[in-house]
Every structure is written in structure tokens, then in C-alpha cells.
Amino acid sequence: MEVLLFVAAALRISVPYALAAMGAAVSERGGVICIALEGIMLNGALGYVLGAHATGNPWVGLSTAVLAGLATAWLHAEVTVRFRADQITSGLGINLLAAGLTRFVLVRVFHSSSNSPRVVGLPDWDLFGLSRLPAIGPLLGSPLVLLTAACVPLVWWLLFRSVFGLRLRSIGENPEAAASLGLHVPRYRTQGVLICGALASLAGAWLASEQHSFNDGMTGGRGYIALAAMIVGKWNPVGAAAACLLFGTADALQIRLQGSAFPSELLQALPYLVTMLALAGFIGRAVAPKAVGVPFDPDQR
Amino acid sequence: MLAPHVSLRDITRRCGNVVANDRVSLELLPGQVHAIVGENGAGKSTLMKVLYGLFQPDSGEILIDGRPVRLPDPEAAMHLGLGMVHQHFMLIDTLSVTENVVLGREPLQGLGAFDRAKAEADVAALAKRYSLPVDPRARISQLSVGAQQRVEILKALFRGARVLILDEPTAVLTPQEVDELFVVLRALQHDGVSIVLITHKLGEVKALADVVTVMRAGRVVGGGRVAELTTNQISELMVGRVLAPLRQRTARVPGESLLATRSLEVNDERGLRAVRGVSFDVRAGEIVGLAGIDGNGQHELLESLAGLCAPHAGTISIGGHLLAGHSARAHREAGLANIPSDRLKRGLVSDMTLAENLVLGRQREASHGPWLGGPALEARARGPLAEYDVRPPEPRGIAGQRSGGNQQKLIAARELGKRSAGAPPVRAILAAHPTRGVDLGAIEFLHGQLLAARDAGCAVLLVSCELSEVLALSDRILVMYEGRIVHETTPAATNERTLGQWMTGRVASQGESA
Amino acid sequence: MSASRPRLAAALGWAAPLAAVLAALAAGAVFIAAIGESPLEIYALMFREAFGTGYGLGQTLFKTTPLLFTGLAVALAFRAGLFNIGVESQMYLGGFAAALVGAYAPLPGVLLLPATLLAAAVAGGAWGAIPGSLKARFGAHEVINTIMLNFIAISLVSWIGRGLFETASVRTRDIAAGAWLPRLDTLLPEFRGAPANFSLLLALVLAVLVGVLLFRTRLGYELRAVGMNASAAEAAGISIGRSQVLAMSLSGAIAGLGGVNFVLGYKHYFELEFTGGAGFIGIAVALLGRNHPFGVLLAALFFGGLSHGALVINQRVPRELVNVLQGLVILFAISAQAVAARLARRWA
């Protein structure tokens with residue numbers, strides 16, 4: 001029972017990471033680095049709260065969340081794909097912009113500099129009686145959890161079994177070759193970024209739904225951890241989701257151990273340390289798509 | 001289906017100041033193998049890129065089966081049955097053969113799924129039809145160069161190419177792979193596909209082509225049915241002048257060995273052995289020319305001589321000092337000067353000024369204590385810039401904005417220039433393709449500088465694809481093939497044709513033929 | 001080809017940041033108008049407050065100071081081809097180290113101040129050396145590593161601070177008076193009341209030093225060469241790995257020193273989260289200033305002025321507008337610079 005509760009907690013924590021990490025994997029497979037995850041998640045969270053607050057309907061909130069995420073992702077795509085500016089700084093700029101924008105809206109609309117009023121969260125579904133299971137039940141009743149679980153095979157299929165995924169991956173590896181075959185590189189890259197925006201905004205919506213409100217800076221760096229998970233998972237949605245589970249478990253463990261003798265701060269730092277180890281090559285070689293981060297310049301032939 | 005009749009009429013295309021194609025006209029008859037020959041820079045590749053829609057001609061027209069057409073991009077060209085196999089393959093290493101071939105025209109299954117089985121079957125059938133042995137499931141990164149080229153050909157055929165353009169296809173192939181390619185091309189021709197072969201190797205022209213067109217300096221200077229022309233006639237048209245005589249030089253007895261290798265083994269980027277057991281000496285006061293086709297290990301040899309890549313085995317000595325491990329700095333301090341083959345990648349920092357580039361690699365020599373820069377640096381630059389005729393001789397000019405010739409002169413000024421007292425003198429010089437992409441006037445100047453260095457007692461290793469350059473400058477000539485030194489001779493005892501034969505793997509038992 | 005073309009291209013390079021600022025201000029104007037206020041009036045108010053009064057200018061300078069440090073740090077790293085996103089934590093740890101030394105080191109007054117400064121620089125430098133070494137040795141990309149270190153630093157400080165922090169608040173003991181940096185208003189009474197302090201002078205000195213390092217020393221030359229063309233630098237005998245570690249360490253040290261503005265010059269103790277995003281804004285400062293010390297100076301002043309000016313208009317327009325402007329400036333700046341670079345290439 002204890003174990004089940006713990007597993008449920010870990011899964012719960014992993015959900016936003018997994019959604020964002022899978023989204024980032026899609027974007028980067030097309031060759032566009034998505035440091036903007038944090039900003040997209042934040043905007044998604046605020047989008048959810050705005051929609052749910054205005055209508056009282058969580059599903060509307062979900063839609064506005066996705067809209068906000070798509071808009072943010074579109075901005076990132078414009079700067080990096082159309083203007084071909086540096087992808088990393090674009091992501092940082094978007095994160096700064098989102099932080100400021102969400103605060104601005106928070107103050108202006110909700111007259112508070114720290115949090116919004118309470119909103120309704122996503123309702124539970126009773127699918128196949130799963131939600132009546134002990135401990136795990138409430139988790140399995142949550143639509144976003146089910147969606148996340150469904151996304152893992154879906155995103156995998158998209159990247160590795162569909163024609164779109166084949167083309168996207170070819171663009172991420174060798175955009176010149178893809179262009180020479182008539183593929184429109186900017187269009188596919190933009191689509192990849194938008195998919196990332198949709199998924200990451202859902203991650204933000206989940207956070208807001210769980211908290212039933214929007215708090216300033218509520219993403220708390222999860223976007224960066226999701227990026228790290230994507231790297232550890234080798235740009236594969238399944239690997240990324242698994243890495244997210246790992247990080248989620250560490251997080252849950254850290255909460256569990258709070259108050260005990262074990263320094264919780266070290267556990268807090270665990271996901272970050274694991275990422276650094278992965279980047280240094282201690283967890284197998286993490287090879288990014290070859291052309292990731294390089295703006296595609298059709299004139300440079 | 002019969003291949004179309006392709007006509008190019010009065011095609012003109014400028015690249016910067018250079019007229020790459022000057023009113024070029026060409027007829028490609030269906031089902032023929034048409035060779036376009038010329039030296040480096042003759043305009044052959046540019047012409048084919050115009051035909052393939054990669055470049056737009058400044059004037060002139062293209063007709064297909066008598067109808068004028070516009071080719072704004074490769075897609076339009078593919079649509080009309082034109083296919084191109086580039087010199088540098090456009091393949092995606094992590095994907096499979098099938099995925100590369102069908103990309104953009106993938107068979108679908110259900111809701112947007114990639115019908116891999118059908119694609120693999122289609123590719124296998126195509127490969128069988130044209131006798132192109134290839135494994136549809138293999139990953140590109142695992143394939144040999146020859147196999148990768150077959151994939152490129154399949155790509156074009158899959159898109160319905162009836163005119164296949166091959167740009168220097170044998171430049172990267174071993175002799176066996178060349179033979180295999182010829183079999184494929186003949187099979188294609190048998191099937192009615194027209195073939196355009198861009199090459200500078202006359203042996204291939206004779207072996208394969210029906211018709212040849214010779215280009216020189218952007219113009220068509222001659223051509224005709226291959227059966228009616230001798231290779232001598234073709235090569236004279238290509239070169240357009242009597243082979244450059246050996247440059248006047250002072251007779252010199254070469255001194256001590258200043259640049260030496262013993263049993264050098266170097267691996268390339270992929271971990272494959274690129275330099276096999278190479279041993280040679282370059283002595284003071286001599287120029288040794290290393291002839292060979294790009295890709296036979298010269299790049300790896302140069303990188304290890306410069307200290308940029310550790311050899312797998314063997315030794316390197318510079319100025320008489322045995323050098324252990326690798327460090328470009330150690331090699332430079334032992335007296336090595338390096339004119340790299342890729343000037344923009346290894347030789348210059350494009351965004352820095354001329355003055356700053358003049359101390360790249362010599363920054364310790366040029367600095368006063370920790371200080372380097374400012375007016376002192378600019379003042380220091382004026383002399384070398386003037387002496388080496390870099391135009392315009394403005395120390396604050398940005399290196400990346402100068403022409404190729406001026407950039408090369410800048411590098412020469414830096415590498416060959418006299419060292420200050422206290423700095424290690426130049427003993428050995430690596431000159432890799434020193435006149436690639438350089439105008440005639442600068443070429444003469446640079447050759448003069450290399451000879452002057454030789455006369456002053458330096459050891460010069462000249463690596464070049466231009467046989468005329470090798471023959472004009474060298475005291476001794478080595479030929480490199482498949483990572484080994486296969487032949488040693490002198491300019492007086494050899495000629496371009498013989499060298500070409502050695503460069504393509506001729507076996508020593510065949511007698512020398514003039 | 002006329003000689004004016006390259007000059008035009010160079011001019012474009014400086015026009016780009018200006019255009020970015022104007023574009024961001026214009027976008028901000030849209031927000032202001034959407035709330036029903038007059039953009040011109042608001043901007044004028046902000047400008048007057050930030051630069052028009054002695055106290056206001058003092059506050060602006062106080063806010064500019066950390067940005068100068070972080071901007072210089074980021075610019076230096078960029079010049080060597082590295083993204084130092086870790087300036088936030090380097091400054092954080094620098095301030096922490098300075099506070100610890102200032103509060104606990106049993107040193108006589110005259111040695112205490114230099115010791116705290118040294119501690120700040122060493123702490124920041126070490127925190128920068130870590131990603132620098134990982135990059136040099138393993139090729140690990142410094143962007144993610146520095147971001148990770150930002151978070152690890154927070155945990156590290158919390159852990160170390162557990163036994164050290166004053167129980168009621170989360171801050172360290174007051175540092176000894178010998179390590180206090182005097183306020184500027186001791187020199188210039190116009191600034192009376194503003195917390196701008198001598199760390200500003202330190203920042204200005206550093207700006208000059210960084211400029212000299214980059215453009216007048218052999219070391220700076222090598223760093224720039226590595227940043228502009230690592231391949232050519234390697235062929236020139238410059239050690240890329242050594243340059244990377246050095247650049248990140250120097251960058252971290254500068255960022256670390258930035259922590260003293262708050263810790264030594266203002267509150268005289270360390271408190272959690274004192275950096276307040278100065279690290280990230282430093283990235284915007286470096287970008288806008290085109291990684292040149294003088295540009296960084298101007299950009300830091302601009303952002304500092306924005307930051308203080310925003311306080312005055314807070315009744316009418318949420319001061320968070322400034323954060324929005326910061327993000328917009330980055331996006332516009334990199335877009336403008338990308339376009340300018342392409343045009344320059346085409347015209348040269």
C-alpha cells in the first residue's frame with residue numbers, strides 16, 4: 001500500500017515533465033532547440049487558469065492553455081526558423097518574456113502579484129472502473145495522466161512510424177539533403193516546434209489544474225529538467241518518459257525524506273546532477289540530431 | 001520511356017566577379033553518355049547546377065524536347081526527368097537506404113504511416129532492375145563510399161530520372177568501385193537513360209563516353225565524338241597551353257632532413273585507417289610535391305604533420321626533433337609553418353582584421369609580455385601586407401571580405417614571413433593546395449614565394465591536386481594512393497599522364513608508357 | 001565594390017540593437033495602451049524618475065551595478081564562444097562566500113574587505129570552472145550544465161546555510177563593518193538615500209579591464225580566436241580546452257564579484273534569492289551590448305533605468321511590464337542581429 005502510494009506520487013510528479021520532454025524531443029528531432037519549454041509551460045498554466053476562471057469550465061481552460069502554448073511556440077519558431085536567430089537565446093528570451101507576461105497578467109487581471117483565485121481543476125473520469133483502484137485509482141482517473149500515458153506511444157509512432165516523423169528527422173539530421181529533395185525545411189521545423197508547444201502547454205495546464213490556481217513562477221524550473229530528461233532519454237519519447245519517471249521518483253523520494261536526517265537538499269539536487277553526468281557521457285553517449293541548433297540557410301549551398 | 005533531348009543554349013552565369021559560364025551551349029541527346037571535361041574551375045559543375053535548378057542562369061535558355069523550360073529549383077528539374085548525383089553526397093547518415101531513397105515520395109499506409117515494407121520492396125526491385133547491389137535496410141553510416149553512391153543513383157532513378165548527371169563520380173572511389181560504377185552506368189544507358197559525366201579523367205571518358213565536350217575558363221572550347229578524338233587532343237583542349245615549364249630555380253644540394261615521418265599510421269574521423277605506413281623525408285632546400293586524388297589520406301597526413309591529430313603509430317620529426325604526442329603548438333615551435341588546405345576553416349579567422357590574422361599562430365612572438373594588439377599590431381602588419389601584395393593593404397580590413405587570392409597571400413605572408421629574433425625560425429613548410437581558388441596573378445606570386453623559401457633553405461611539402469603545379473614546383477614528386485606512397489619520381493622523369501595513372505592505383509609491374 | 005558597403009554593413013551592426021530597443025518599447029506601448037494609459041506619458045515618467053532626479057539616478061545606478069557585472073561576465077564568455085547561463089548562481093555563490101567571510105573571518109579590518117572580494121571572485125570562478133571543464137574535457141554543452149548548476153547552487157546554499165542562518169529570517173549574520181562598501185552618497189550627496197555604492201566603481205574598473213583583456217592582450221586574442229573560429233585557433237597552436245576553462249572561470253569570477261553590490265554595499269548580509277534575476281537579465285545586457293564592454297555599459301544602464309522607472313509607474317501600469325520588455329528586447333535583438341549579419345554578408 002505504501003509502495004503503491006509512493007508510485008502514485010512519483011507518477012503524478014512525472015506527468016508535466018513527461019509531456020514537456022516529449023514535446024521537446026519532437027522539436028529537437030526537427031533541429032530546433034527548445035529551451036523555451038519553461039516559458040511555454042508557464043504560459044500554458046496561466047492560459048488554463050484564465051479559461052477556467054472565465055467560464056468555470058476546465059475543458060475550456062485546457063483549450064486556452066493549448067492556445068497560449070501554441071502562440072508562445074509560434075513566437076519561438078518565427079525567431080529561430082524565419083529570422084534564423086540563435087535558438088538558445090531565443091528560448092531564454094521567451095522564458096523571460098513569459099515570466100514577465102504572466103506576472104503582468106496576474107497583477108492586471110487578478111490584482112495579485114503572487115497567485116490567482118482558485119479555479120476548478122480537471123474532473124476525474126471513471127474509465128473502466130480504474131479510478132476505484134486503491135492508491136493508484138485517483139491518478140488513473142485523471143484525464144491528463146491518461147493522455148500523457150497515451151502520448152508516449154503516440155509521439156513515438158509520430159516520430160518513428162509516420163511519414164511526417166521521417167521527414168522531420170531527416171531535416172534534423174541533414175536539412176540540406178532534405179531540401180535538395182524538395183522538402184520545405186522551415187515548414188516542418190515550425191510544425192515540430194508547434195507540436196512541442198501543444199504538449200508543453202498541457203504540462204503547464206496540469207500544474208495549474210492540480211494547484212487549482214496560477215502562482216507566480218509555478219513551473220519552478222521543470223522545463224529545464226524536462227530538457228535534461230530528453231537528453232538522458234536520447235531524444236526518444238520513450239526514453240524521455242522513462243527519464244522523467246526517474247526524476248519524478250527522486251522528487252517524490254525527496255519529499256518523503258523531508259524531516260528525516262538525510263539532507264533533502266541533496267535529493268533536490270539529484271535530477272540536476274544526473275543530467276550533468278549524462279551530458280558528460282557517463283550514461284551512454286547522448287548524440288543529438290546532427291543539425292540541431294543550426295539555423296537552416298537555403299542560400300548557403 | 002525514352003530520355004528527353006536536353007539543350008542548353010548560351011548559358012551565362014556569374015559567381016561574384018568570375019564568369020563561371022560564358023555563353024555555353026550543349027546538346028544532350030537521348031540515350032547517350034556525354035562527358036563534360038575540364039580542369040578545376042572550368043565551369044563544369046556550375047553548368048550542371050544550372051541544369052539541375054540549383055543556380056539560375058543570368059542569361060540563356062534550357063530546352064527539353066524542344067520546349068523552353070524554367071528550372072527554379074531541383075524539384076522542377078526532377079519533375080522533368082533530370083537527376084543529379086552530387087560530388088558530396090546528400091545522404092542522411094542515421095537513416096536507412098530505403099528511407100533516403102524514398103524521402104519526399106514515401107508510400108503511405110493508413111493515416112500517415114510510412115509503409116516501410118512497400119518502400120523496401122520498391123527499392124529492392126529498382127535496385128535489381130538496374131543491377132545496383134544495395135541492401136535496402138542498411139544504414140547509410142555503415143555503407144562504403146561506393147555503396148553510398150549507388151544509393152544516390154537510386155534516389156535519382158526512383159524519382160523518374162531519365163537524364164542522370166554525375167559530378168566527378170569517381171573522385172572518391174577505389175578502382176574496383178569505379179569498375180562497378182561503369183557496369184551500372186552501361187546498364188542504365190542500355191535502359192535508355194542519358195548520362196552526363198562531369199570529370200577531369202580522360203581514361204573514363206575514353207572508357208565510357210560517346211560524346212565529349214571540353215570546357216576551359218567558362219567556355220566550351222571543343223568536343224565531339226569520343227571515338228574520333230585522342231586523349232592528347234582532349235587534354236590539349238582542356239589545358240590550352242603547353243604544359244608549364246619547370247620553374248627556374250637555383251640548383252641546390254638538399255641538406256639535412258627537416259620534415260620526416262617513419263611508418264606513420266593515421267586514422268580518419270570514422271576511425272578507419274587513412275595513412276598506412278608512410279615514410280619520407282623532406283630536406284632543407286627542396287620542395288617535395290605530394291600528388292594524389294583528394295581522399296587518399298592526404299588530409300589526415302597533413303593534420304598529423306601539423307600536430308592537429310595524433311597518429312595511431314609511427315613518428316614525425318620536424319627540424320630534426322622527434323615529436324611525441326600531438327600539439328599544434330609544439331610542431332610550430334619546432335619550426336613548422338602551415339598553409340592549410342581549407343583556408344577559411346583552418347587558416348583564418350574571417351571576422352578578425354588582417355593585422356590580427358597576421359599573428360594567428362605567431363601571437364607569442366608578436367606580443368610584448370602579455371600585451372598584444374592596438375596600433376602596435378597594425379604597424380607591424382604594414383610591412384608584410386605590402387611585401388605579399390595583399391590588396392587593399394589596410395591592416396584594419398576584415399579578412400573574410402578579401403578575395404580568395406588575397407586571403408591566401410595573407411596566410412603566406414604569415415607563414416612564410418621572416419620570424420623575429422627569439423622566435424623559432426621556419427624550418428619546414430606544409431603547403432596544401434596553396435593556389436586553390438586563386439587568380440592567376442596571385443598564383444605566380446605564391447609560387448615565387450615558395451621557391452624563395454626553398455632557396456633560403458626550408459623544406460617544403462607541397463600537396464596539390466593540380467598536377468601542373470606539382471610538376472612546376474617540385475624537386476621530387478611522391479604519389480599517394482589509398483594511404484600509401486606508391487611512387488617516387490622527379491618532374492623530368494615523368495608527366496601528367498603517368499602521374500595520373502599512379503594516382504589511380506596503377507600497379508608497378510605495368511611498364512612505363514609515355 | 002565601393003568602400004562604403006563594408007562600412008554600411010558595420011553601421012548596421014550597431015543599428016540592430018537600437019532597432020531592437022525601439023521595437024520592444026513599441027511593443028510595450030501596445031500593452032500600456034491596452035490598459036488605457038498613454039505610452040508616451042508613461043515612458044516619460046519612467047525616464048524622469050530613472051535619470052532625472054538625484055535619488056532616482058542613484059537607485060538606477062544601484063540596479064545597474066549587478067547588471068554590469070553579469071553583463072560583462074556573459075559577454076566575456078560569449079567572446080570565447082561559450083554560453084554562460086550560470087551567472088545567476090555564480091553571483092549567488094559569490095555573494096554567499098563574501099557574506100560568510102565578512103561575517104566569520106577573524107581578520108583585521110584592512111584585510112577583511114579584500115578577503116571578501118577575493119572570496120566572491122573565487123566562489124563564482126569555481127562555479128564557472130565546473131561547466132568550463134566539463135565542456136573542455138567531455139564536450140558537454142555548457143548551456144544545460146550551467147542551468148543545472150543554477151539549481152544545484154540553490155540546494156547547496158540551503159544545505160550549508162542550515163546551520164548558519166539566523167533563525168527568524170533566512171539570512172546570514174551581519175558582516176563586520178570593515179567589509180562594508182561605502183555608499184556613493186558619501187562622495188556625491190546628490191545620491192542621498194540611494195543604495196548605489198562603491199561596487200559600481202568596481203564594476204566600471206572591471207569593464208575597462210575586460211576591454212583591455214579582450215582587445216589588448218595575447219590572452220584575450222586567443223579567447224576571441226577560439227570563439228570566432230575554434231578550428232583555426234587550434235591550428236594556430238591555441239589550446240581550446242584551456243581557453244574554455246579560463247573563459248568560464250573568469251566569467252564566473254566577475255559574476256561572483258557582482259554579488260557584493262547587495263551583500264557588501266547594501267544589506268550587509270546575505271539573504272536567500274537576493275540576486276533577483278540579475279543573472280538572466282545580464283544575458284540580455286550582453287546581447288544588446290554586442291558583447292562589448294562599452295555596449296554592456298549602455299545596455300546595463302538602460303535596463304537599470306527601466307527597472308527603477310517601473311517602480312514609479314506601478315500604480316498605473318504593473319511594473320512587471322519591465323520583465324516583459326526585457327524578454328522582448330532579447331527576442332528583437334537577436335532577430336535584428338541575425339538579419340543584420342545576413343545583410344552584411346551579402347553586401348561585403
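How many residues does the contact take from chain A and from chain B? The contact takes 17 residues from each side, that is, 17 residues from chain A and 17 residues from chain B, where two residues are in contact if their C-beta atoms, placed from the backbone, lie within 7 Å.

This is a predicted model, in which local features need pLDDT of at least 70, side-chain atom pairs count only at pLDDT 80 or more, and totals for chains, interfaces and linings use all residues. Residues are numbered from 1 along each chain as its sequence is written, while chains are lettered from A and ligands numbered from 1 in the order in which they are written.

**Chain A against chain B**

Select helix 7 (163-173) and helix 8 (175-180) of chain A; each supplies at least two residues of the side of chain A that touches chain B. Helices (H or I, at least four residues) and strands (E, at least two) are DSSP runs, numbered from the N terminus. Helix 7 of chain A gives the most to this side, with six residues. By class, the side of chain A that touches chain B divides into seven nonpolar, five polar and five charged residues. Here Ala, Val, Leu, Ile, Met, Phe, Trp, Tyr, Cys and Pro count as nonpolar, Asp, Glu, Lys and Arg as charged, and the others, Gly among them, as polar.

**Chain A as a whole**

Next, display chain A alone. Chain A has 13 helices and zero strands, and its C-alpha trace spans about 60 × 45 × 40 Å along its principal axes. With 301 residues, a compact globule would have a radius of gyration near 19 Å, and the 19 Å of chain A agrees; the radius is taken over C-alpha atoms, and the globule rule is 2.2 Å times the number of residues to the power 0.38.

Within chain A, select helix 2 (residues 37-55) and helix 9 (residues 185-211), whose axes come within 7 Å and cross at roughly 55°. Axes are lines fitted to C-alpha atoms, for helices over the stretch in contact, and angles run from 0 to 180 degrees between N-to-C directions. Helix 2 of chain A and helix 9 of chain A are therefore oblique to each other; angles under 35 degrees count as roughly parallel, over 145 as roughly antiparallel, 65 to 115 as roughly perpendicular and the rest as oblique. Among the residues that meet here are Gly44(A) and Tyr48(A) in helix 2 of chain A, and Ala200(A) and Gly204(A) in helix 9 of chain A. The residues of this contact divide into 13 nonpolar, seven polar and no charged.

**Chain C against chain A**

Turn to chain C, with 14 helices and zero strands. The contact takes 33 residues from chain C and 37 residues from chain A. Helix 14 of chain C gives the most to the side of chain C that touches chain A, with twelve residues. This side of chain C has 24 nonpolar, eight polar and one charged residues.

**The sheet of chain B**

Finally, select the open sheet of six strands in chain B, which has the order 18-19-20-15-21-22 with mixed pairing; two strands pair if DSSP finds at least two bridges between them. Strand 18 (336-339) and strand 22 (484-489) of chain B are the edge strands, each pairing on one side only. Strand 19 (residues 428-432) and strand 20 (residues 459-464) of chain B pair in the parallel sense over five bridges. Helix 15 (residues 404-416) of chain B packs on the sheet, touching strand 18 and strand 19 of chain B.
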